[in-house]
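Hi everyone, thanks for coming.

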Amino acid sequence: MRSLAANADSRLSLWRRVREYAVPPPMIEAATARRQVGDWAGACAAARVDVDFDLRAVIQRHGRAVATWLRADLRHLAPDLLRWHMPRIAPDGLLRPGLTVSLARYGPAEHDGAEPVHLVARTPPAWADAGQRISLALWTGSPAETHPDRRFRLDLHRHLWDVRRADELRSRSGIQQMTSDTASATSPDPIWDGLRECGYAVHRWAAEAALLLHAEGQAGGTVAVRIGPRRRLLLDIAPAGPDLRPPAARIAGAARAFRVAGLPVLPDVATWVTPDLELLRHGLIEVDRLHPLVAAALAPGHPSAGVPASPEPATAPRLVACRGAWHRIGPVNGALTPLDHHPAEIRREELLAALTGTPLPCLQAIDEAHRRPECLPDIRARLDHGDTAGALATVEALLGPEALLRDGNLREELENAALRRISYGLFRAGLIGPGPAPSFSDLRPKRDRRSHPRHAIPR
């Protein structure tokens with residue numbers, strides 16, 4: 001079994017990767033610009049969020065009051081901030097597939113007996129996750145619809161998507177409690193120290209559990225905290241105040257986890273320390289690299305730098321050791337070309353290579369850049385997280401916008417991304433339902449046909 005420290009390091013590595021690729025700066029900039037002028041639909045489009053309802057139909061089906069509350073929330077929805085805080089899975093930090101997350105509830109409270117209308121965010125199944133898109137929908141309690149997940153609910157944490165309450169992230173993350181000298185005194189049991197080292201927000205569990213019980217219409221009671229796939233810890237919250245000293249025997253095993261299934265479950269975002277706060281504390285991310293709303297909440301005294309800058313790929317000529325000298329290769333007329341060789345010499349060397357000869361080192365370096373570039377892991381990560389524009393910009397900066405793709409790992413990654421986009425389109429159109437991933441081997445582009453980088457992935 002892995003140690004707590006190893007688990008904590010793995011979690012930080014995952015979130016560091018998420019912050020690098022999942023929500024690119026151009027998306028934040030475009031979504032923020034549209035939101036600030038009142039175009040919530042444009043902001044959702046910029047953040048790759050699909051809207052699966054019509055406000056006019058909402059008025060007819062659920063009444064004008066629900067539609068008014070929904071419209072107000074949509075105006076203040078930051079879809080890029082929602083994507084920033086959406087649940088992720090290891091090892092690459094992709095969106096948790098097949099998830100329905102409640103963002104807000106409209107209508108009667110759940111303890112009144114009637115099912116409220118939920119604004120939910122949904123993620124597609126794993127086989128249709130190309131583009132890492134999110135969809136907004138309304139859940140009305142129909143048996144045919146997937147019930148919002150109790151573990152990943154965000155209706156009690158509106159500061160993770162609502163700009164009106166984004167500044168609450170500082171108080172809800174418990175920064176003051178984590179830095180105070182009394183943080184450890186409130187929970188002297190060794191089990192709490194181990195959980196704290198693993199990244200659990202034990203200093204906030206009492207307050208968050210009380211909020212959860214209040215939302216369920218209870219003044220006090222027992223709340224289950226998930227601390228592993230088959231382990232639960234029970235918190236007893238008294239009406240007069242929380243009790244944070246449960247004995248070690250309260251940690252549940254597999255059988256116990258089944259028996260506590262009916263208890264309220266502490267949401268995942270309240271179970272763990274805010275990942276951005278942990279990354280800052282360990283020096284794994286700069287404040288300027290955070291989402292602007294997150295940075296303003298966690299580091300209010302830090303000078304605002306606006307949208308985090310996106311690193312630009314290098315476009316300067318590269319040096320190659322060629323026949324005892326250093327030669328340059330760089331873009332010419334939109335394609336990567338040797339700069340220190342005569343065109344006639346290049347044509348002779350290309351003919352030699354076509355006849356199975358060994359070409360110039362400069363041509364070898366260009367061929368390697370086309371097939372297996374050093375930045376391939378970065379391109380692959382961008383494609384996995386749906387940042388097609390960023391991946392293509394990296395490819396074009398490397399090879400030039402007019403370069404012809406050659407057979408190799410780079411072209412395969414771009415082609416596979418295109419095929420995954422087809423899978424998502426079929427899923428959204430309702431042509432393929434739940435089940436195993438479809439096979440598109442017959443649709444794979446022919447290997448003897450070259451294409452430009454931007455033609456590899458359909459728009």
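Let's start with helix H5, residues 64-75, which lies across strands S4, S5 and S6 and runs at about 125° to S4. Before we go on, please keep in mind that this is a predicted model.

What is the sheet under discussion here? S4, S5 and S6 belong to an open sheet of 4 strands, and its order is S1-S6-S5-S4, with mixed pairing. At the edges you'll find strand S1, residues 49-51, and strand S4, residues 100-106, each pairing on one side only. From one strand to the next, the twist averages 25°. If pairing is new to you, here is the general idea: strands of a sheet pair through backbone hydrogen bonds, either parallel or antiparallel.

Now zoom in on one pair. How many bridges join S4 to S5? There are 6, and the two strands run antiparallel. As an example to click on, Tyr106 stands opposite Val117 in S5.

Back to the helices. H5 has a partner, H4: their axes come within 7 Å and cross at roughly 145°. Which residues meet there? From H4 we have Leu55, Val58, Ile59 and His62, and from H5 we have Arg64, Val66, Ala67, Leu70, Arg71 and Leu74. Sorted by class, that contact holds 7 nonpolar, 1 polar and 2 charged residues.

H4 covers residues 55-62, and at its start a side-chain oxygen of Asp54 reaches to within 3.0 Å of the backbone nitrogen of Arg56. Just after H4 comes Gly63, with a positive phi of about 100°.

S11 and S12 are joined by 5 bridges, and Val320 has His327 in S12 as its bridge partner. The hairpin of S11 and S12 has 2 residues between the strands, and Arg323 there takes a positive phi near 55°. Next, S12, residues 325-332, is joined to S13 by 4 bridges, again running antiparallel. In that pair, Gly330 has Thr337 of S13 as its bridge partner. S12 and S13 also form a hairpin with 2 residues between them, and Asn333 in the turn has a positive phi of about 55°.

My last stop is another helix pair. Helix H17, residues 376-384, and helix H18, residues 388-399, have axes that come within 7 Å and cross at roughly 160°. Therefore H17 and H18 are roughly antiparallel to each other. Is the crossing left-handed or right-handed? For H17 and H18, it is left-handed. On the H17 side the contact uses Asp378, Ile379, Arg382 and Leu383, which meet Thr388, Gly390, Ala391, Thr394 and Val395 in H18. These residues divide into 4 nonpolar, 3 polar and 2 charged.

How values were computed:
Residues are numbered from 1 along each chain as its sequence is written. This is a predicted model: local features need pLDDT of at least 70, side-chain atom pairs count only at pLDDT 80 or more; totals for chains, interfaces and linings use all residues. Side-chain values use heavy atoms; hydrogens and water are left out. Two strands pair if DSSP finds at least two bridges between them. Axes are lines fitted to C-alpha atoms, for helices over the stretch in contact, and angles run from 0 to 180 degrees between N-to-C directions. Angles under 35 degrees count as roughly parallel, over 145 as roughly antiparallel, 65 to 115 as roughly perpendicular and the rest as oblique. A crossing is left-handed if the near helix is turned anticlockwise from the far one by less than a right angle, and right-handed if clockwise. Contact means heavy atoms within 4.5 Å. Ala, Val, Leu, Ile, Met, Phe, Trp, Tyr, Cys and Pro count as nonpolar, Asp, Glu, Lys and Arg as charged, and the others, Gly among them, as polar. A polar contact is a pair of N or O atoms within 3.5 Å; within protein, one must be able to donate a hydrogen and the other to accept it, and residues adjacent in sequence count only if both atoms are side-chain atoms.
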